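Here is a brief report on packing in one protein chain. Look over the sequence and the model first.

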Amino acid sequence: MAPVSPVAAAKKPGPNDRCTCGSGAKAKKCCFKPDHTPCQSKGEILPGSSDELLALAKDAAAAGEHVKAVHFYTMAIDMLAKGMSRDSNGRASDADLQSLNKSSGGQLAELLSGRSHSYLRQKDLEAAIEDAETCARADPSSEKGQLRLLVALEAAGVDLRTQLKACENAVEACPGSEPLVARKWRLKKVIAESAASEDSRPDERPGDAAWTIADTRRLADDVSNPRRSQAAVDLGRSYAAGAHGLEKDLQQAARYLRLGCEAGDVSAQRDLGLVLLDLGQPAEAAEELRQAAQAGDEEAAVVLQQLAAEAQAKEAEARAKLKELAELGDPRAARILEELSA
């Protein structure tokens, strides 16, 4: 957690210097990049409490303004952590982090978790991992914080064994967490399948330049091949996007993505949910997205929130229409409104 830097009015920072806003990010990735979203309007006075800053950060993140969200999260974190001792690398001790988190009613961990999410949405994976790790150190028993770290590690393409070690640590800290336990066994299964594939079929490498979509389909349709689920997910995504020479076919996409889901691939479950939405199957889509979100998939959680917001908006619109009809004397509309209010 970087301390707030004073604003240097006389000298503009270089692209690789720390941003003057105190976010801890490089200037070229923060206030001095072309598409930067300012955290306040001219003449606007920002609030002075961490509670208010947290609320602003959440609002900005919900609106997709993640650069602005990072600013607010950082201001709140620095406000809470002011005066905290750090070592020569700027790292606070676990004991100090946990003490501050306790005295702030869990707010420190919430702020770090939220900023990690906003960094992840900006594709700043290193910062997302760092904040998620600090969040997990501040509150080891936080299932949300532990999942945030695992999602960031997966997004960064960290090797599976490192992910598994982090997941095992998370399960040890949160032994009653079903999403963490499910993720641990999924990682174990993928690692075992990868090892078996390398031992039995060393000549088959989907990453090779000569590899084609036909090879992927062959593996996806081979029930005896240990890499079947991975190939099926790749093929399903290709059908969903109409990529690699395939025509877009949502039915085929759903078929192959289901094979990935059966193997425990959370990202495949999220993508299946998105495909089912396009196929006009919202109930089934919501269930797939719900399971993916419970397993820690950020994008699935965001889509679920959007679906819930859309459903609430449609319900409010329908109620307003019914109320209008009832006021005009429509007995059926009045009866439906009464039943809904019961």
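Which residues of helix 12 are buried? They are Val266, Ser267, Ala268, Gln269, Arg270, Asp271, Leu272, Gly273, Val275 and Leu276. Buried means under 20% relative accessible area with a 1.4 Å probe, protein chains only. Helices are DSSP runs (H or I, at least four residues), numbered from the N terminus.

This is a predicted model: local features need pLDDT of at least 70, side-chain atom pairs count only at pLDDT 80 or more, and totals for chains, interfaces and linings use all residues. Residues are numbered from 1 along each chain as its sequence is written, and side-chain values use heavy atoms, with hydrogens and water left out.

Helix 12 is mostly covered, with 10 of its 13 residues buried. Just after helix 12, Gly280 has a positive phi of about 75 degrees.

**Aromatic pair**

A search of the whole structure finds one aromatic pair. Rings of Phe, Tyr and Trp (its six-membered ring) pair if their centres lie within 6.5 Å; planes under 30 degrees apart count as stacked, over 60 as edge-to-face and the rest as tilted. Tyr239 and Tyr256 have ring centres 6.1 Å apart and planes at 10 degrees, so the pair is stacked. Both Tyr239 and Tyr256 are buried.

| Residue | Helix | Helix residues |
|---|---|---|
| Tyr239 | helix 10 | residues 228–241 |
| Tyr256 | helix 11 | residues 250–262 |

**Nonpolar cores**

A nonpolar core is a set of buried Ala, Val, Leu, Ile, Met, Phe, Trp, Tyr and Cys residues joined through side-chain atoms within 4.5 Å. The largest has 22 residues; among those touching the most other members are Tyr119, Leu149 and Leu180. Helix 6 gives the most to this core, with six residues. A second, separate core of 21 residues includes Leu54 and Ala92.

How values were computed
Helix = DSSP H or I, 4+ residues; strand = E, 2+ residues; numbered from the N terminus. Buried < 20%, exposed > 50% of the residue type's maximum accessible area, 1.4 Å probe, protein only.
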